[in-house]
Amino acid sequence: MYRHQRHIYDFTRKFYLLGRDELIRDLAPPTGARVLEIGCGTGRNLIRAGRHYGAVQFYGLDVSAEMLATARAEIARAGLGARVTVVQADATAFDAEALFGVAHFERVFISYALSMIPPWREVLPRAAAALAPGGSLQIVDFGDCGELPGAFRGALKAWLAAFGVHPRENLQTDLDTFAKEYGLSAEFRPLFRRYAFLARLSA
């Protein structure tokens, strides 16, 4: 899918993957922290976060070799090669220590990837296992669009499905249940009339 899309991905997705910059601002990692993005794609979020937080090491993983080729080129172009590392890995079955030599991260974040990964529930335990004590898992993804017209919701779902994107109907409820099972505290913030929402699951 991404062999060709990767060249226009960031330009087109900025119009409907809303809330990504809000997530980056909310990360607020401490000095010297390690931050992992699961489903890093073209590296867009890692580059923005790397520019915003200077004394932090960033890591990313993605299953698409095509997207990672773009990510590595963009990271190098941004002059962030010393602080941003990306690798190919499956979000549902990765070993962070084997991939990066780092077992735990002060921040782990997922931006619009859960709506693109069919077995998305399998990602959450891996993400939680990668958290350092006191760390947080932060997520932005589609909401239920409950404050938007029904016709818009139906058209959006049909259009997203053409790109293999399927908003999870009960994602906030599922995340809240997951947080309780794993002993994490959960906070949620709706965005843009519930088009999207931010979640913070804290250890």
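This note goes through the sheet, its helices, the nonpolar cores, the aromatic pairs and a few single residues.

1. Basis. This is a predicted model, where local features need pLDDT of at least 70 and side-chain atom pairs count only at pLDDT 80 or more, while totals for chains, interfaces and linings use all residues. Residues are numbered from 1 along each chain as its sequence is written, and side-chain values use heavy atoms, with hydrogens and water left out.

2. Sheet order. Seven strands make an open, mixed sheet, in the order β3-β2-β1-β4-β5-β7-β6. Helices (H or I, at least four residues) and strands (E, at least two) are DSSP runs, numbered from the N terminus. Two strands pair if DSSP finds at least two bridges between them. The edges are β3 (84–88) and β6 (185–191); each has a single partner strand, so one side of each lacks a neighbour in the sheet. From one strand to the next, the twist averages 15°. Axes are lines fitted to C-alpha atoms, for helices over the stretch in contact, and angles run from 0 to 180 degrees between N-to-C directions.

3. One strand pair. Strands of a sheet pair through backbone hydrogen bonds, either parallel or antiparallel. Here β1 (residues 34–38) and β4 (residues 105–111) are parallel, with three bridges. L36 has V108 of β4 as its bridge partner.

4. Helices on the sheet. Helix α9 (residues 171–181) packs on the sheet and touches β5 (131–142), β6 and β7 (196–202). The directions of α9 and β7 make about 0°. Helix α5 (residues 65–77) lies across β2 (57–62) and β3, and runs at about 165° to β3. Contact means heavy atoms within 4.5 Å.

5. In soluble globular proteins, nonpolar side chains tend to be buried together. A nonpolar core here is a set of buried Ala, Val, Leu, Ile, Met, Phe, Trp, Tyr and Cys residues joined through side-chain atoms within 4.5 Å. Buried means under 20% relative accessible area, exposed over 50%, partly exposed in between (1.4 Å probe, protein chains only). The largest core has 34 residues, and L36, I38, L61, F100, F105, V108 and I110 touch the most other members. Two or more residues come from each of β1, β2, α6 (96–100), β4, α7 (123–129), β5, α9 and β7. Take I38: leaving aside neighbours within four places in sequence, I38 contacts L61, A91, F94, V108, F109, I110, A113, V123 and A127.

6. Helix α3. In helix α3 (residues 20–27), the buried residues are R20, L23, I24 and L27. Seen down the axis of α3, they fall within an arc of 100°, so they line one face of the helix. The arc is that of the directions from the helix axis to the C-beta atoms. A28 follows α3 and has a positive phi, near 40°.

7. L27. This residue of α3 is buried, at 0% relative accessibility. Beyond four places in sequence, L27 contacts V35, A49, Y53, R107, F109 and Q138. L27 and L137 are 110 residues apart in sequence, yet 9.3 Å apart in space, C-alpha to C-alpha.

8. Aromatic pairs. The whole structure holds seven aromatic pairs. Rings of Phe, Tyr and Trp (its six-membered ring) pair if their centres lie within 6.5 Å; planes under 30 degrees apart count as stacked, over 60 as edge-to-face and the rest as tilted. The ring centres of Y112 and F142 are 4.8 Å apart and the planes stand at 75°, so this pair is edge-to-face. Y112 is in the loop between β4 and α7 and F142 in strand β5, so the pair ties together parts 30 residues apart in sequence. F142 is buried, at 2% relative accessibility. Ring pairs also link Y59, F100 and F105 into a cluster.

9. Positive phi. Y112 is not a glycine, yet has a positive phi of about 55°. Y112 is buried, with a relative accessible area of 2%. R194, in the loop between β6 and β7, also has a positive phi, near 65°. R194 is partly exposed, at 31% relative accessibility.

10. S136. This serine sits in strand β5 and is buried, with a relative accessible area of 2%. Beyond four places in sequence, S136 contacts E106, R107, V108, L131, R200, L201 and S202.
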